Amino acid sequence: MAVTRKLRAAIVGAGIVGAASAYFLSRAGFAVQMLDAAAPASGATGSADGAVSVASKRPGPMMEAAIRGVETYRDLHGAGIFEGVFKERSTFMLAQDAAEDAVLEAHAVALSGNGVELRLHREDALHRTVQNLSRAIRSAIEVRGEGHAIGYEVTSRLIAASGATVARGCRVNGFRTASRSGSLDALETSAGTIEADLVVLAAGGGSASLLGLASALRPRKGQLLVTERAPALNAGIRGSLMSCRYLMSKDSTETRMTGSGRRFGLVVDPLRTGQFLIGGTREETAERGTDADAVRRLLVEAVALVPRLREVRLLRTFAGVRTATADGRPLIGRVRGFDNVLVATGFEGDGICLGPLTGKIVSQLARGEPTAIDLSPFDPARFATQEQAA
Amino acid sequence: MRDPDVLVVGAGPAGISAAAELAAAGLSVLWIDQRDRPGGAIHRQPSAASTAIAFGPASVRNQWRRLHARFQGTGVSLTGETGFAGIDSDGVAILEQRHSGTTTCVRAKAIILAVGAVERVLPRPGWHLPGVCTAGGMQVMLKETGSPPRGRVLVAGNGPLTLALATQLAAAGNPPVAVLEASDPFRRPSHALALMRSPRLVGEALHYSTRVAFARIPWKRGRRVVAIESHGGALRVRSVAKNGYVETFDVEHIALHDGIRPNTFGLPEGEARPFIIRAGDCREALGAVAAEVDGKQAARRVIARLRGEPAPKPHPMLNAERRAQDTLASLFRPHGDAVPADLPDDTILCRCEGRTVGDLRTLLAAHPGISPREVKLNGRFAMGLCQGRFCADNVAALLEHGGETGPVSADALTGTRWPIRPIAIASLIRDADDPNSSTPQ
């Protein structure tokens, strides 16, 4: 009698993308081993703003991916996997003056053109919908059906549901090539040789050295703040508040740069716990500190949106270092030269939103199925001028 | 506020002697404390409205006279009601001025942190109930107001401070119904003999124990508090002796204390940009006399550093104090684990977020090999308002019982951070030095 053994998948990186890949691969029948140089959610996932949102995306592949990304959250929430960790809420994009109003209207057209459900609120109607907003805010578009998820909580859920084992503090030293050309059959790691039929690289910035993609991937820091619990204030704010200047901050052509080469884009997100998350900066550095200048500036802007935040105490400041690509789109797909190595990294600030969707795509690629979105804009080979992996 | 050469945080024995030494050397010093006057926890001065009670043995009172003369002599002045919120990634110290509701940022060449020690309190069923406080907390209230809490008081836990509090409560007119001590120092004669090498500690021991005996306060040794329950508007405290004998006490207040540890929560430390060192009990909890010497030592290290001279050698007196404290610790060492592995599941571990021992056990069972950081984030331990001050040591101890990870440090849960304590957003956005900073809307 023939004994078929399960195919073995080794996932490098236990952030949200690795964890979601583990979940979908294990449902597809793989025996999954995860490894992380530190621990689950210890990188960008563990210090993310948690937005599961289409609102700030520009039309194009990233907007389409984000729409599918939010749907994947709803599916997993419906399946019970994300019970208690995914908060469905709207995003309100706010305009303070005529110029911002114009930006907002153009953006609303783009979003609704992609089938996103919107509502426009003006003046008194806005202040009835969202309490405690500054009267200086003139209008807002409400993007419905979005949500918030804390990266480390989602990651923990996905790992537990996958049944995968996780090797913590485990570094990849090299790949072992199979006799069959064009495939790997093992990872050489600090914890010994791990044999695998499929390898998924989801190690953020750590993927760069493994793939020789150092020039395509760069660290980008974001500072974030969390307040104490303020349940009464929190309850009156029905969704995430995003200054429409955030669109400008995300746009690389816009120059809201300060002398230190950093951009600010304000988000005030009422969390499930009754706390507020306030973000954030985008800075071209891998250093993880937070500084008084940035924190004060974010708080001044947050108080300008929601004056009653003055009454609340700041509990924590932290910074995450995300892995960004030169063109702002992640790398998702096969690694050229190998038929059993997949890469999924470079999500910058969109890892939480796109992580579960990406896990699903990884599993679809592994089984040779059609993928949930067109992957050509995300093809890793677009940066493939550099030398092949060691 | 002008950038000083040196920022000294804390006005207890270590901070006073550090600030005075730096000022005497001609350096500009910004010396801050969250209180409005020097003294620290040990020499806490009564608030203006209350009557002073002379506390403690002569050695403590003599130290205060000496320290007081020292800082008055050097002319260094305390900037009071100012909290230290931490150092940011640019090396800037963020200070919170409580009286004006503002913050200010200063750049110092060096920083001496002398923020003392904090009490350890072990988790026990019911330790979160109203009416339960720490012995140190009750002591501070007593020193500030001059009056004891009303109703029956029980003092319980481990270490000599419980006796000091009992003495002070008796002096203030409300002696506790008993002092329960987890260890049994009388059964450790060899350690008691070793204590004789430190005449000052013997003097302090005699001072407190004779007063406890004179006030007829029962000192019950080898007793652990295993449960505290609400009972008819009061607290019913169940204690168990080593031989299994159970005794309950009905009281209005219970003061708990299980030793002290350096107050290092969230504190930075480093040799570069700025040069940051710790002094006194927040470096190593050796008591007030050692802290005074250590503060001076820290100041001399900073002076040497700023002048590019070699660092001075550690003071030999600190070794003697360390031996004495070790002896005292051995004398008062309780039997068994500090945090019992068999605590009931519903025992609160994190009082800020209401997380229990059972929550921790469930998390560990579901995630084999889980790291302390994951325990923090996914278990929400050390994530609340106190940022781990009350739970980090206890969670770390239970993680070690869990066995897979080896020794676990509370620092793995609390980390280095700013703000060190929660800080009002209103204060943070109002810069005391910048009239153009945000004003109330």
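## Contacts and overall build of chain A

In this predicted model, take the contacts in chain A with a separation of 6 or more: 73% of them join residues 24 or more positions apart. As for burial, 53% of the 390 residues of chain A count as buried.

Chain A has 10 helices and 18 strands. Its radius of gyration is 21 Å, close to the 21 Å that the globule rule gives for 390 residues, so chain A is as compact as a globular protein of that length. Along the principal axes, its C-alpha atoms fill a box of roughly 75 × 45 × 40 Å.

## A helix tucked away in chain B

Now over to chain B. Helix H10 (residues 372-379) has seven of its eight residues buried, so it's largely enclosed by the rest of the structure. Among the buried ones are B:Pro372, B:Glu374 and B:Lys376.

What do the buried residues of H10(B) pack against? Part of the answer is in the other chain: helix H5 (151-162) of chain A. The rest comes from chain B, with strand S20 (355-356) and helices H9 (357-366), H11 (392-402) and H12 (411-414).

## A hairpin in chain B

Strands S5 (residues 93-97) and S6 of chain B run antiparallel and are joined by five bridges. One pairing to look for is B:Ile94, which stands opposite B:Cys105 in S6(B). The two strands form a hairpin with four residues between them, and B:Gly101 in the turn has a positive phi of about 65 degrees.

S6(B) (residues 102-106) is mostly covered, with four of its five residues buried.

Methods:
Residues numbered from 1 in each chain as written. Chains lettered and ligands numbered in written order. Predicted model: local features only at pLDDT ≥ 70, side-chain atom pairs only at ≥ 80, totals over all residues. Rg over C-alpha atoms; globule rule 2.2 N^0.38 Å. Buried ≥ 20, exposed ≤ 12 C-beta atoms within 10 Å, placed from the backbone. Contact = placed C-beta atoms within 7 Å. Pairing = 2+ DSSP bridges.
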